Structure formats: structure tokens, C-alpha cells
Amino acid sequence: MVVLLFKMIFFAVNAISNLVSRLIFTVTAYVLVLIIQAFKVPGEAAHGALQQIAEAIKGCFEYLLEMIMEAISSLISSCFDLLTEVVTGSAAVTGSAVGGLVEKARNSFDGLLKDLPELANDFYEMVSTLISDLWNNYKEAVGYVTENA
């Protein structure tokens, strides 16, 4: 159940990040091409402008990647905080309840340990897909600008 929930979360993060990055990069590329075509200038000035635009796109890409990494880091941190709160809260329960909770926690922890490699693999796939989608969207936008400018 936990694995399915995490898989759905990973899929949603990948889909949303891909859509947002594609939207940002393609809109930026289209606007830049329109601006460049509207203001055709001699070759050196256009080359300089394209270099500045490429630097701006690279900066946006780095910023977006940092934001995504911070979001992932905060998600992991909040999951660990929640896990610590659950463990701390269950320690305050009285005698027989503690025994029952410990047994249930041990069973669920064993299940979590069994699912941990799969979750780690899914998380790795999500991060690698996210980065490759960002990179592909970036390359497509830069390619569009260089072809049509």
C-alpha cells in the first residue's frame, strides 16, 4: 500500500515537473524567436543576443532544478519528521497497548523494510526521469531558438 502511494506521488511529481518545464522552456523559446525575428540585427549582435539568451535559459534551468531538489529534500525531511512523531507518540502509550503497538510497528516496519529497496528504486527513477525530462525540454527549446532565430 505504501509503495503504491509513493509510486503515485512519484508519478505526479514527474508529470507536473515535465509539464511545467516544457511550458516554461517552449514559451520562452517561442517568445525569444518572435523577438529575434522582429528585431533582425547584424550577425555579431544577434550572436551576442543569442549567447545572452542561452545564459538566461541556463540560469532558469539551474534555478528550477534547485527548486525541485529543495522540494524533494523537504518532502523527505517531512516524511522522516512524521515517522519520528509516530514513533515518539507510540512510546507514550501504557503497558499492554505498547506491546500491541510494538508488535504492529514491527510487522509494518518489516513490511517497510521489504518495500524499501523498491521505494528507493522508484525514487531514483523519478529523479532521473525528472532530470532527463528537464534536460530534453531545455534542449528542445534551445534547438527551436537556434533553428528559427
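This is a predicted model: local features need pLDDT of at least 70, side-chain atom pairs count only at pLDDT 80 or more; totals for chains, interfaces and linings use all residues.

Trainee: How many helices and strands does the protein have?

Mentor: Reading from the N terminus, the elements run α-α-α. The count for the protein is 0 strands and 3 helices.

Trainee: Is asparagine 14 buried or exposed?

Mentor: Asparagine 14 sits in helix α1, residues 2-38. Setting aside neighbours within four places in sequence, it is in contact (heavy atoms within 4.5 Å) with Met126, Thr129 and Leu130. Buried means under 20% relative accessible area, exposed over 50%, and partly exposed in between (1.4 Å probe, protein chains only). Asparagine 14 has a relative accessible area of 13%, so it is buried.

Trainee: Which side chain does arginine 22 meet in a salt bridge?

Mentor: A salt bridge is a side-chain nitrogen of Lys or Arg within 4 Å of a carboxyl oxygen of Asp or Glu, and by this rule the count comes to 1. Arginine 22 lies in helix α1 and its partner in helix α3 (residues 95-148), so the pair ties together parts that are 118 residues apart in sequence. Arginine 22 is partly exposed, at 35% relative accessible area. The N to O distance is 2.9 Å, and the partner is glutamate 140.

Trainee: What is the accessible area of the nonpolar patch with Leu23, Val27, Val31, Ile35 and Phe39?

Mentor: Patches are made of residues with over 30% relative accessible area and no salt bridge; like charges are joined within 9 Å, and nonpolar side chains (Val, Leu, Ile, Met, Phe, Trp, Tyr) within 5 Å. Accessible areas come from the Shrake-Rupley method with a 1.4 Å probe, and for residues only the protein chains shown count as cover. Leucine 23, in helix α1, counts as exposed because its relative accessibility is 53%. Together the patch residues have about 480 Å².

Trainee: How much of the protein is buried?

Mentor: The protein exposes about 10300 Å², with carbon and sulfur atoms supplying 69% of it. Of the 149 residues, the buried share is 18%.

Technical notes. Residues are numbered from 1 along each chain as its sequence is written. Side-chain values use heavy atoms; hydrogens and water are left out. Helices (H or I, at least four residues) and strands (E, at least two) are DSSP runs, numbered from the N terminus.
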